[in-house]
Amino acid sequence: MTTKTKKEKRFGYRYMQGNTQNQEEDGDVNGANSRHINFNQAADPGFPDNEISTAKYNFFTFIPKFLFEQFRRYANIFFLSIGLLQQIPGVSPTGRYVTIVPFILILILTAIKELVEDFKRHSADRKVNQTEVDVLTPEGQIIRKMWKDVQVGNILKVKNDKFFPADLILMSSSEPNGICYIETSNLDGETNLKIRSSHPLTRNRVSASELSKLRGHVVAEAPNRKLYEFRANLVAEDSELQPIGPNQLLLRGSRLRNTQWIYGFCVYTGHESKLLMNSTKAPLKRSTLDKETNMQIIFLFVILVVLALISAIANVILQSNGEDHMEYLGLNSKSAATGFGWQFITFFILYNNLIPISLQVTLELVKVFQAMYINNDEKMHHIDKELGIDSYALARTSNLNEELGQIKYVFSDKTGTLTMNVMEYRKCSVAGIIYSLDEIDDLNKPNIIKNLNKKQGEAVNSVEDFLILLSVCHTVIPENSEDGSIHYNAASPDEKALVEAAAKYGYEFVARKPESVTIKTPDGSELVFEVLHVIEFTSTRKRMSVIVRTPSNKLKIYSKGADNVILDRLGTSIPQRKYYDVTVQHLERFAKEGLRTLCLGVSDIPREKYDTWSALMQTASTSMVDRDKLIEQAADQIERNLTLIGATAIEDRLQDKVPETIEKLLEANIHVWMLTGDKQETAINIAKSCRLHRDNTEMIIINSQSFDEARDEIQEHLENFRSSNMVGRANNVTLVLDGKSLDYTLLPDLRKDFIDVCISCKAVVCCRVSPSQKAEMVKLVREQTKAISLAIGDGANDVAMIQKADVGVGISGNEGLQAANSADFAIGQFRYLERLLFVHGAWNYSRISKVILYSFYKNITLYIIELWFAIYNYWSGQVLYERWTIGMYNIFFTSAPPVALGLFDRSCSAESREMYPSLYKASQSSQMFNHKQFWKWIGISLYHSILLFWLPLAAMKNSVVWESGRSDGYLVLGNTVYTLVVITTCLKAGIEMDAWTWFSHGSIWGSIILWFFFLIVYSNFWPSVPLAANMAGMINLLVLSPVFWLCIFLVPVITLLFDVCYRAFMTTVHTTETDKIRIAEITKKEVANYVDGCRYPTENSSLLRNMRNTFSKTKKRQQEQEDLELNARRGYAFSQEEGGAVSQTDYIRSYDTRYRSRSQQRITPVTSMVSVHNL
């Protein structure tokens, strides 16, 4: 038994992460890490509780984690150092509290923001942890407990439609033989329901009193991440040791469906549940701009040190030459503070404002408001009255706003993210005629019911066989409700849709018995079909068949499956293939509409043939050698010589505007990869439906069974790309591979070649992948490409991927989804990703870039003047400006313009950005913030500072004398220069603005007015207020000087003249696509006339022919490729759990709907496709 410290028991992190590898290797039930759990006894305190946490902080970790995150920013380390140095007496020329007080305030504000954001995560966790469930006490009583209070060893009663709060061993259920249905789309993305079966020793204990009397224990393997594996042994009463496997395990994250209740024995809780072990701790993410800014600050710090060294050396040289001006400044040249070291510190503090302390607080403020824009965007407000959904987009963190504008790769889940989890029957083709449910009441169109009523002709027979096949060939269970209506429970959502369609056409499936099914026809009569054999569906067979005895005592086989499989099994006679050509045309038509199809066939079986085949099947079914192979051969013999009836078309409904959204993402040069736990055929079909894969796109399919096979395939395809010089290009190729192949391709020896193949394809589809494999794929792309990635999903199986990506987006259509809780952003549907990236992302990137660059510019412009002044004052370390105005420069006089840039600036409208995705490429390629842009702005600030200091100095060279007898001094020059800097930097912000609003005007003109107002008030403080004696009467000296006014009107114009000319030149001569659209919007002209072509260039025909030839080397592989591509064009609508707890045959023969199940009440019917709710 594993024991842990109290802290490990509570959080489970070290235990889980540190021992995962050992636990997975040592999976022996009798191993040292196995756990022994008794029935109906007090829970062992050594096991962790069931409380989970997805938050970044808790009460104990907030301060250390927060400080660590903040001091990862070099700027914060720098300001802390400056603040401490300023506390040394007699060293700081700017005062002791000018830096440390604003810095502490900034940290406090940032901490409050982090607390608010993490409080939301704690609230979501609390909602999950406080969900209630029924728990059986050892005394046989049912009590209500919160999920967080569930313990290992508890027996829980979970009701229909509820999620399992922990990993449970199924004890018994309301259904025959103790089976139950579960929905695992939250784990593996599959929408078809799975069947789990309780152990024979416990399945008949269906009451609380019976279970409370159970004595024995379970020995289970140690917790591990393997979702599809489980080993345990059960000892009940005096029985021998009985094995328990994954077919008895109900995982946290899955949901009970179509079963009134189950009893489950809790084996893993909290962070030891398999779902949580596949998750990772919430990472501390930083944006690329944040990291880049960190590097720029290092460059500025080096420059600062160099400037301080130069200034200190110059001071020492002057002193050694006898040019000592310290007495003039009131300093003792022999004091310690005038030595080289002290002079270096003095200049270091003097120039420290080259790195803007206001940058962090400005960025935090801007990002918070940008997040509010996202949260309140009505165009991302999702309302679904049928499902009761009313959700806005939600920015769960504001640290990654600008990252949305630089996305290069999008990793998307399928189920619940691209699709709606809803299968709907749309059309069918019977005897060469297309029918639709919409045409039932329209007498002007062909109607299947009307043709059926003709009572003659081959078409009538085909229609009747079609409707009977839909009603008979399936594994659906009918459920009679109290109001007399029938609801269908199905493990396959496709089958449920077809049976419901047949019922709407008048052929209603009403009853199932162990050996027969009953259907009701439109005239009210009932037909009973004896089910002789069920030949099950598998992904290899791609078909299902039933052999029945009809009411007229005929033997018939009804088959349905993928079109290429059924069409290959048709007979050769004319009647059998009469509608072949037209049906194929209809299949192509359905495929173009994005519908999933099934072909249907029927055949009469002579009695003698059936008897011979039945004996063969019996022999194959009981064979101890190659049983599966022999069964497949026997099935293939009877599933021949079929007559084609027609085809069905089902819509696996995509979410609204998913194809359009993906098309625009691709147009914006964003690579879209689908990572799903669903089957390969389904994944390919959805890729086709959502336009991720097109008919003219080549397909590479990798289904490797060994490392050597995977290596050979990867190297073969990579060599093909290299020979055509196509590596790293968005070629017109889709790569498809399964989870087993991914295990090999992610190994160190193959990773580099594998990612080279991936990035050479326009789209990548990974199917049957686990949550950890999704995360590994994201990690691989991030490491190898250095590109910014986004992961989007809706289920708990997507959490690891979401947290591993640079930006994680959760689908929050249903309140409380764990994916949304763990994500950085949450949206209601996939289609909102377009607006999130193209509008908010691009705007945020542009705005944040300008805020950072402008903040550096305005600080360097003002404070580098101290260097020019040091040259003028013999490197004495004298400050040009009044000390309190130095701190107020960033706080008051230039704080509004960067906020205006960060909140209201935009290059073009949201409508244009959504209409022309190619505009996204500018932000995606980091055109507005890079090393070139940074040093360009540094150069501009140096150029401006030179003009802003030396021009006023030259104007005042001969000194100015006022009527009062006062003359100008360094503060007159300093305040003049300060005024010019405020005016110039504010006007520079205006030049950089692409969109002017009332706030923009207010921030620029208001900042200038505020400075003059402050100057007037501050100049009159002394002597009424014992402060700023050296500023007394300063405003009078300035406004009465003609030189001051000459500088006010002349110097800013000269300084900004080059900027205006450069901006005009770039806009008119080197016009970008963004500039063209902005000009069109300003002049109110048609935008489309200004937009360049932005579609992907197509590969030339020779390259495509080369790809076709090299991707299929042998006839066998070429045939396999064609079959899969056929399925991609016409995806077949069928899904069943393979190798489940109960075979399809045993499953349907377990039911007799004449009698009620062990449920004492009716099961509330639900559709088998529902949106995933929270854990």
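**Strand pairing, helices and cores in a predicted model**

Trp673 has Val764 of strand β32 as its bridge partner. Strands here, like helices, are DSSP runs numbered from the N terminus (E, at least two residues, for strands; H or I, at least four, for helices). This is a predicted model, in which local features need pLDDT of at least 70 and side-chain atom pairs count only at pLDDT 80 or more, while totals for chains, interfaces and linings use all residues. Residues are numbered from 1 along each chain as its sequence is written, and side-chain values use heavy atoms, with hydrogens and water left out.

Strands β29 (residues 671-675) and β32 (residues 761-767) run parallel and are joined by four bridges; two strands pair if DSSP finds at least two bridges between them. Both strands sit in an open sheet of nine strands with mixed pairing, in the order β16-β35-β34-β33-β17-β29-β32-β31-β30. At the edges stand β16 (394-395) and β30 (698-702), each with a single partner strand, so one side of each has no neighbour in the sheet.

Turning to the chain as a whole, its secondary structure comes to 41 helices and 35 strands. Of its 1175 residues, 59% count as buried, where buried means under 20% relative accessible area, exposed over 50%, and partly exposed in between (1.4 Å probe, protein chains only). Among contacts (heavy atoms within 4.5 Å) with a separation of 6 or more, 76% come from residues 24 or more positions apart.

Helix α27 (residues 832-863) has 32 residues and reaches 44 Å from its first C-alpha to its last, close to the 46 Å expected at 1.5 Å a residue; the expected span is 1.5 Å times one less than the number of residues. A bend of about 30 degrees occurs in α27 at Gly841, the bend being the angle between axes fitted to the seven residues ending there and the seven starting there. Because 32 of its 32 residues are buried, α27 is largely enclosed by the rest of the structure.

Helix α28 (residues 865-872) is mostly covered, with six of its eight residues buried, namely Ile865, Glu866, Leu867, Trp868, Phe869 and Ala870. The cover over these buried residues includes α9 (288-320), α10 (340-350), α27, α33 (931-955) and α34 (970-992). After α28 comes Tyr874, which has a positive phi near 60 degrees.

Ile865 also features in the largest nonpolar core, which has 92 residues and in which Tyr351, Ile865 and Phe949 have the most contacts. A nonpolar core is a set of buried Ala, Val, Leu, Ile, Met, Phe, Trp, Tyr and Cys residues joined through side-chain atoms within 4.5 Å. Not counting residues up to four places away in sequence, Phe949 touches Ile865, Trp868, Phe869, Tyr872, Leu880, Leu973 and Val977. Another core, of 49 residues, lies apart from the largest one and has Leu168, Ile182, Phe230 and Leu234 among its members.

Two individual residues round out the picture. Thr885, found in helix α29 (residues 883-893), is buried, with a relative accessible area of 1%. Leaving aside neighbours within four places in sequence, Thr885 is in contact with Tyr978, Trp1011 and Phe1014. The C-alpha atoms of Thr885 and Leu1015 are separated by 9.5 Å, although these residues are 130 apart along the chain. His271 lies in the loop between β13 (261-268) and α8 (274-277) and counts as buried at 8% relative accessibility. Its side chain reaches the backbone nitrogen of Ser53 at 3.5 Å.

How values were computed
Polar contact = N/O pair within 3.5 Å; in protein donor to acceptor, adjacent residues only side chain to side chain.
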